[in-house]
Amino acid sequence: MANVLLARCALSSGPAWGVLADDRIEIVATDAGTNGGFLASLLQLPHPARALAERRRGAPTLKAAEIMAAPSSAAAPHLLPPLDLQEVWAAGVTYERSRVARMEETAGAETFYDKVYTAERPELFFKGAASRVSGHNGPIRIRRDASWNVPEPEIAVLVGAHGEIAGYTVGNDVSSRDIEGENPLYLPQAKVYDGSCALGPGILLGDVPSAETAIRLEIARAGKVAFAGETTLAQLKRKPTELVGFLFRDQSFPNGVFLMTGTGIVPAGDFTLAPGDEIRIEITGVGRLVNTVSA
């Protein structure tokens, strides 16, 4: 079964789901026709990509380039965050670079992060509901009561209702490092607030990305690159299936769930996001997610 790229679009008639085919997006379902739960229903199936291939025959189409380029505030068709009824969760300290950064930022709590990096049980936390998630070309926010804010580029896995990974997308787990660094118990405030999460541009349903898959981050400020970094999935200490296994322990997700798998790119301590910054995250074969920091 070939890979399928699934995207959620804003149309004049309301939100709809489409499949990328060459330079077109073929509409396969609308929120109005599925009670706003198309992706949730798709994640009940063992082979979502196969089901989409069967539904695509005779579907209306739109120009993909125009939708991909349109800002999230446009009246014209544009991309929406690729989720409907799913929660978003995240894993932490899954890359060596993240472990080192957390130990540097948190005075007196270095051993907590060192231990969770090597422990059997990973760090998992709730990131947000759909209302807190931004999509491609949409805004993200930094907290007004924080002074040290960074993006965290991650590969996010989409997990079906029965705990099997169904797809992949690009994620941005925006974080307030000074708040978490002050006290690890403040992590929910550092991680969970309006506009603190972005997913997109779409969902890749299909093959598992290889270990050589590159994750690249670039932050542009006033037309110039203020920060750039790169890593690969080979640096991810825990396999996504392991993280998903812990997430589903004593929890159920009947509508499916997104799980961001942690970051291996952390800007230096003298860098913080500012209003107007453009954050560009690209994962080879998965997609390119672009967001602007809202004022």
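Start by selecting K237 and Y117. The charged end of K237 sits over the ring of Y117, 5.4 Å from the ring centre. Keep in mind that this is a predicted model.

Next, select R249 and F246. Here the charged end of R249 lies over the F246 ring, 4.0 Å from its centre.

How many aromatic pairs does a search of the whole structure find? It finds five. Select W89 and F253, which form one of them. This pair is edge-to-face, with 6.2 Å centre to centre and 80 degrees between the planes. Why does the pair tie together parts that are 164 residues apart in sequence? Because W89 lies in strand 6 (residues 87-92), while F253 lies in the loop between helix 9 (240-247) and strand 17. Both W89 and F253 are buried.

Move on to F227 and F271. Their rings form a tilted pair, 6.0 Å centre to centre, with 40 degrees between the planes. F227 is in strand 16 (residues 224-232). F271 is in the loop between strand 17 and strand 18 (278-283), 44 residues apart from F227. Are these two buried or exposed? F227 and F271 are both buried.

Last stop: L259, in strand 17 (residues 257-260). L259 has a relative accessible area of 0%, so it counts as buried. Show its contacts beyond four places in sequence: among them are W89, L124, I155 and V244. Then find R221. It is 38 residues from L259 in sequence and 29 Å away in space, C-alpha to C-alpha.

Conventions:
Residues are numbered from 1 along each chain as its sequence is written. This is a predicted model: local features need pLDDT of at least 70, side-chain atom pairs count only at pLDDT 80 or more; totals for chains, interfaces and linings use all residues. Side-chain values use heavy atoms; hydrogens and water are left out. Helices (H or I, at least four residues) and strands (E, at least two) are DSSP runs, numbered from the N terminus. Buried means under 20% relative accessible area, exposed over 50%, partly exposed in between (1.4 Å probe, protein chains only). Contact means heavy atoms within 4.5 Å. Rings of Phe, Tyr and Trp (its six-membered ring) pair if their centres lie within 6.5 Å; planes under 30 degrees apart count as stacked, over 60 as edge-to-face and the rest as tilted. A charge sits over a ring if NZ of Lys or CZ of Arg is within 6 Å of the ring centre and within 35 degrees of the ring normal.
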